[in-house]
Amino acid sequence: MMMELQETSVYCPYCGEPISVLLNPEDVGLDYIEDCQVCCRPIEFSIFEAGNGALEALVRSDTE
């Protein structure tokens, strides 16, 4: 069964710009790095499932 990607917005920890990202339910519990679409700096993502079943991403800079 194919799980559906979920679109969400996060704010870049470097430039503060909102960016739209697609979260994959298979990535829950994983950490990965994706470059900011605005300033191109590496953002660290941690994906988790909220209490309501929605996916959420915690983002931080590589210096945090």
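A salt bridge is counted here when a side-chain nitrogen of Lys or Arg lies within 4 Å of a carboxyl oxygen of Asp or Glu. By that rule, the count comes to two salt bridges. The structure is a predicted model, so local features need pLDDT of at least 70 and side-chain atom pairs count only at pLDDT 80 or more, while totals for chains, interfaces and linings use all residues. Residues are numbered from 1 along each chain as its sequence is written, and side-chain values use heavy atoms, with hydrogens and water left out.

Take the pair of R60 and D31 to begin with: the closest N and O atoms are 4.0 Å apart. This pair links distant parts of the chain, with R60 in strand 5 and D31 in strand 3 (residues 31-35), 29 residues apart. Strands are DSSP runs (E, at least two residues), numbered from the N terminus. The other pair is E44 with R60, where the closest N and O atoms are 3.4 Å apart. Because E44 lies in strand 4 and R60 in strand 5, this bridge ties together parts that are 16 residues apart in sequence.

Strands of a sheet pair through backbone hydrogen bonds, either parallel or antiparallel. Here an open sheet of three strands has the order 3-4-5, with antiparallel pairing (two strands pair if DSSP finds at least two bridges between them). Strand 3 and strand 5 are the edge strands, each pairing on one side only. Seven bridges join strand 4 to strand 5, and F45 has V59 in strand 5 as its bridge partner.

F45 also belongs to the largest nonpolar core, which has 11 residues in all, among them V10, L23, I47 and A57. Such a core is a set of buried Ala, Val, Leu, Ile, Met, Phe, Trp, Tyr and Cys residues joined through side-chain atoms within 4.5 Å. Strand 2 (18-23), strand 4 (42-49) and strand 5 (55-61) each supply at least two residues of this core. Leaving aside neighbours within four places in sequence, A57 is in contact (heavy atoms within 4.5 Å) with V10, L23, F45, S46, I47 and F48.

Notes
Buried means under 20% relative accessible area, exposed over 50%, partly exposed in between (1.4 Å probe, protein chains only). Helices (H or I, at least four residues) and strands (E, at least two) are DSSP runs, numbered from the N terminus.
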